[in-house]
Amino acid sequence: MADQSKIGTVWEDDELDAIVADYFTMLAAEQDGRPYVKSHHSLALMDKIGRTHRSVEFKHMNISAVLGNLGLPTIKGYKAKINVQNAIYDAIERFLGDYLQSPALDEAIHVGVADTANLFEEPPPTANFSSRAVSPRMERLMRKFDAGERDSRNKILGKKGEALVFDFERERLARDDRRDLAANVGWVSQEDGDGAGYDILSFDAAGRERLIEVKTTRGPQTTPFFLTRNERAVSEERPDAFRIYRIYEFSEAPKLFKLYPPLDHAVLLEPETYRASFG
């Protein structure tokens, strides 16, 4: 039952902590394929904190908006609402501080499809080359929990994404009646290390090389990623062959889009680090 005295008032920290924790409980169930009922969670939360159903649902959508900007998975059905109370950022920051440090998080990564033939390809998102308007509080959170940096450090996630694309390419060529080419698809980063500037050597049906760099995230389609100087150099030296395969929503049912050179026509490229030397 809603507490009438709370209607129209600002949510307190303990209420925000409760709804953020409950959101992640539902998200974990969704990603693990365990059944849960959103309305049951909402009713229990309403009973606990005294907020209305509308207020609880709107706050769930606020959380989705923030997590989407951070390149993290969100609950299906809670569409992002960007009109966010500043205090929700603090509650999410408090929760993520422990959540993203959990070793179990990496080990829980799994592929949501058993058959790589079901890897669904979509068009890439359209890059917004004008300045993106985010609140200063959101910008600070995005710097602290940098999605591209987090994914680039996650070796388990990276290798699983590469394995998915390696199998996907072999099966694609086999379906095109090019089993000879399928047998020659190479997992270059696994066999020779990361210095080649791409991860997978594959081919099109005519036998032309495809140099595939795989970028994998558990986040949504627009999650940013890191591109090394070597990868960019290969894209410029071999624009006919180089491709980025962006795998996203990996912990659910992984999806794919492809990016083609020139890469600065497809994405915003921003320098992130500087090389320091003594001459």
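This is a predicted model: local features need pLDDT of at least 70, side-chain atom pairs count only at pLDDT 80 or more; totals for chains, interfaces and linings use all residues.

Biologist: What is the strand order in the open sheet?

Modeller: The order is 1-6-5-4-3-2, six strands in an open sheet with mixed pairing.

Biologist: Which strands stand at the edges, and why is one side of each left without a neighbour?

Modeller: Strand 1 (120-121) and strand 2 (186-187). Each has a single partner strand, so one side of each has no neighbour in the sheet.

Biologist: And how do strand 5 and strand 6 pair, parallel or antiparallel?

Modeller: Antiparallel, over five bridges between residues 242-248 of strand 5 and residues 255-259 of strand 6. As an example, Arg246 has Phe257 in strand 6 as its bridge partner.

Biologist: Which strands does helix 8 touch?

Modeller: Helix 8 (residues 155-175) packs on the sheet and touches strand 2, strand 3 (200-203), strand 4 (209-216), strand 5 and strand 6. The directions of helix 8 and strand 3 make an angle of about 15 degrees.

Biologist: Changing topic. At what angle do helix 3 and helix 4 cross?

Modeller: Roughly 65 degrees, with the axes of helix 3 (residues 53-69) and helix 4 (residues 86-99) coming within 11 Å. The two helices are therefore roughly perpendicular to each other.

Biologist: Is that crossing left-handed or right-handed?

Modeller: Right-handed.

Biologist: Which residues meet there?

Modeller: From helix 3, Lys59, Ile63, Val66 and Leu67; from helix 4, Ile88, Tyr89 and Ile92. That contact divides into six nonpolar residues, one charged and no polar.

Methods: Residues are numbered from 1 along each chain as its sequence is written. Side-chain values use heavy atoms; hydrogens and water are left out. Two strands pair if DSSP finds at least two bridges between them. Helices (H or I, at least four residues) and strands (E, at least two) are DSSP runs, numbered from the N terminus. Contact means heavy atoms within 4.5 Å. Axes are lines fitted to C-alpha atoms, for helices over the stretch in contact, and angles run from 0 to 180 degrees between N-to-C directions. Angles under 35 degrees count as roughly parallel, over 145 as roughly antiparallel, 65 to 115 as roughly perpendicular and the rest as oblique. A crossing is left-handed if the near helix is turned anticlockwise from the far one by less than a right angle, and right-handed if clockwise. Ala, Val, Leu, Ile, Met, Phe, Trp, Tyr, Cys and Pro count as nonpolar, Asp, Glu, Lys and Arg as charged, and the others, Gly among them, as polar.
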